[in-house]
Amino acid sequence: MVKLAVTGAHYGLRDWLVQRITAALMAVYLVLLATILIASPPHDYAAWRMLFSGQWFRIASFLFFVSLFWHAWIGMRNILMDYIHSTGTRLLMQILVILALLFYAVWSVDILWR
Amino acid sequence: MRFSIYRYDPDKDDKPYMQDYDIALEPSDRMLLDALVRIKSVDDSLSLRRSCREGVCGSDAMNINGRNGLACTTPVSGLREPVELRPLPGLPVIRDLIVDMTQFFKQYHSIKPYLINNDPPPETERLQSPAERAELDGAYECILCACCTTACPSFWWNPDKFVGPAGLLQAYRFLADSRDQASAERLDNLEDPYRLFRCHSIMNCVDACPKGLNPTNAIGKIKDMMVKRTV
């Protein structure tokens, strides 16, 4: 079979936009977190527990993690598209990345709401 | 002046090698192309493309001391010795400094680099306002020398799928043209994870362009147009 370059998947913009939006969300959260940590630095385990006991703080942290994993997915896929040129291997690697990120997402829920 | 030049003749050589030249330049030899012509008068087996010798035709693009540029617009006075000359990276070498540009022009043609307007041709020209014409500045001056595209890692990894900075700058040149009627098709053609979105804005193209153009900016404007029509 002749090797043809097949393009025209008609997506790309959404991921590009998502990467930028998730980056902005992460930046906002990190500034927020830094402000809180500088204003009242938690000195012991109990203080850290206190900080993460607020429902809103947990939700914000969870949003941060979702942004991080979504952002990482797009970045990892970009790297795989650039460097792994065998379709089968690329698909396998992409599945592994998705599984790992999903696992991290569930794990972060478990940590935040334990 | 000392030069180290990439030599490869597929009929004779097993693999490419670097050949050293030590050439006495005349005072009139001001640009790198003058020096190469001087070298060619000593060793006529050295192959390179050249034509207008003033940065308009884009034939003598090459990798000069690790950076893509036109030999005819690069002054010899500013070059570190020995001057290392190699063919443009990322394209198959035909011989010495001559590369096969087929892939580059394939990508260029894929963006339909011509005006598409289905209205009957008017009696006179299709007029533009000065503001509409100004939108094409920085987009139409490209001479297709391939300095930018062959400096782009995204093109090195996916030359068959990624349009490359030169092609995308031209795509914007027609998207931005008030007389063109095919912007929807043009954007559809580029809405693809490979064709447009392999660009990660590292700006090697801007660094390499001998005409001082900014393909990264044009690519950003194409993305802006896509965002506007989607959001």
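Arg53(B) is exposed in the predicted model. Arg53(B) sits in a loop of chain B, between α1 (32–42) and β3 (61–64). Most residues other than glycine have a negative phi.

Ala146(B) also has a positive phi, about 75°, and is likewise not a glycine. Ala146(B) belongs to the loop that links α3 (130–134) and α4 (153–157) of chain B. Is Ala146(B) buried or exposed? With a relative accessibility of 1%, Ala146(B) counts as buried, because the value falls under the 20% limit for burial.

The bond joins Glu81(B) and Pro82(B), with omega at about -10°. Most peptide bonds are trans. Pro82(B) is located in the loop between β4 (67–70) and β5 (83–86) of chain B.

Chain B as a whole contains eight helices and seven strands. Its C-alpha trace spans about 60 × 35 × 30 Å along the principal axes. Of the 231 residues in chain B, 48% are buried. Ala146(B) is one of the buried residues.

Helix packing was examined for one pair in chain B. Two packed helices are described by the angle between their axes and the distance between the axes. Helix α5 (residues 165–175) of chain B packs against helix α6 (residues 183–190) of chain B at an angle of about 160°. The two axes are 10 Å apart. The angle makes α5(B) roughly antiparallel to α6(B), because it lies over the 145 degrees required for that class. The crossing of α5(B) and α6(B) is left-handed.

In chain A, the surface carries a nonpolar patch. Which residues form the patch? The members are Trp56(A), Ile59(A), Leu63(A), Val109(A) and Trp113(A). Together they have about 530 Å² of accessible area. Helix α3 (residues 55–83) of chain A supplies the largest share of the patch, three residues. Trp56(A) lies in helix α3 of chain A. Its relative accessible area is 72%, so Trp56(A) is classed as exposed.

Note on methods
Residues numbered from 1 in each chain as written. Chains lettered and ligands numbered in written order. Predicted model: local features only at pLDDT ≥ 70, side-chain atom pairs only at ≥ 80, totals over all residues. Heavy atoms only, no water. Patch = residues over 30% accessible without salt bridge, like charges linked within 9 Å, V, L, I, M, F, W, Y side chains within 5 Å. Areas by Shrake-Rupley, 256 points an atom, 1.4 Å probe, with all protein chains shown as cover. Salt bridge = Lys/Arg side-chain N within 4 Å of Asp/Glu carboxyl O. Helix = DSSP H or I, 4+ residues; strand = E, 2+ residues; numbered from the N terminus. Buried < 20%, exposed > 50% of the residue type's maximum accessible area, 1.4 Å probe, protein only. Axes fitted to C-alpha atoms, helices over the stretch in contact; angles between N-to-C directions. Parallel < 35°, antiparallel > 145°, perpendicular 65-115°, else oblique. Left-handed = near helix turned anticlockwise from the far one by under 90°.
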